[in-house]
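Keep the 3D view open as you read.

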Amino acid sequence: MSEPDRLTIDIYSDVVCPWCAIGYGQLTKALDELGGEIEAQVRWRPFELNPDMPPEGEAQEAHLKRKYGRSAEQGAAVRAQMKQIADEAGVSLAYEGEGEAPPAMMWNTRDCHKLLTFALEHAGSEAQTQLKLALFEAHFNRRANMSDRDVLLDIASDVGLHREAAKAALDDPELEARVIAEERQAWDHNITGVPAMIVNGGFLIPGAQSPETYVNVLRRVVKRSGSAS
């Protein structure tokens, strides 16, 4: 059996972005479909949808109405379409906690990205992905406060990261500067929305695509990379 082709996929995303969770679900399906033909190292890169959001956050419906001018009916239609695509991707965006669901909120996510950068630098890409998925779950399925440092540190600890080291990372100005620098790199790549995946440092896949699209693009990247070598 031949060795798999190996690719690096850098995913610019935010933890409060439903399409980012969906896009990763579709990418995972694509890699499963490839059946070991291609192995991918996934690294998560920071992109803040709402960098000026105050710590207390904003109700999701009011936020989307203010930002995009959507009526309640338009918002409901978008959510229904999103739920259908999420279900197909094997991704749950629904509240799964106990009792009545708290209000859906949008949060400032700078600290989330600092923890994700810390995880990649100190524990590697697989640990970073575990943290990313746990942050998705906390936001969408538990409706946790993603601006609350104690909440974030609990999540980091739950996925095996050292709590005190993670706490120190949140207070590290150099780490925050690296997060901001990576966000600027997104603009250098002409990324204005997420998810956006950069394969092998040079091939951009914008938006949440179907598994079939990811399969085709990844195979094309492998073919091009082989032709260029």
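Is Phe 136 buried or exposed? Phe 136 is buried, with a relative accessible area of 5%; buried means under 20% relative accessible area, exposed over 50%, and partly exposed in between, using a 1.4 Å probe and protein chains only. Bear in mind that this is a predicted model, where local features need pLDDT of at least 70, side-chain atom pairs count only at pLDDT 80 or more, and totals for chains, interfaces and linings use all residues. Residues are numbered from 1 along each chain as its sequence is written, and side-chain values use heavy atoms, with hydrogens and water left out.

Now turn to Trp 44, in strand E2 (residues 38–46); helices (H or I, at least four residues) and strands (E, at least two) are DSSP runs, numbered from the N terminus. Trp 44 is buried too, with a relative accessible area of 3%. Beyond its neighbours within four places in sequence, Trp 44 is in contact (heavy atoms within 4.5 Å) with residues including Ile 11, Tyr 24, Lys 132 and Phe 136.

How do the rings meet? A pair of aromatic rings is described by the distance of the centres and the angle of the planes. Rings of Phe, Tyr and Trp (its six-membered ring) pair if their centres lie within 6.5 Å; planes under 30 degrees apart count as stacked, over 60 as edge-to-face and the rest as tilted. By this rule there are 3 aromatic pairs. Trp 44 and Phe 136 form an edge-to-face pair, 6.1 Å centre to centre with 85° between the planes. Phe 136 lies in helix H5 (residues 125–141) and Trp 44 in strand E2, so this pair ties together parts that are 92 residues apart in sequence.

Follow helix H5 along to Phe 140, which lies 4 residues from Phe 136, about one turn of the helix. Phe 136 and Phe 140 form a tilted pair, 6.2 Å centre to centre with 40° between the planes. Phe 140 is buried as well, with a relative accessible area of 8%. Ring pairs link Tyr 24, Trp 44, Phe 136 and Phe 140 into a cluster.

Finally, look back at Trp 44 from another side. The C-alpha atoms of Trp 44 and Ser 13 are separated by 7.1 Å, although these residues are 31 residues apart along the chain.
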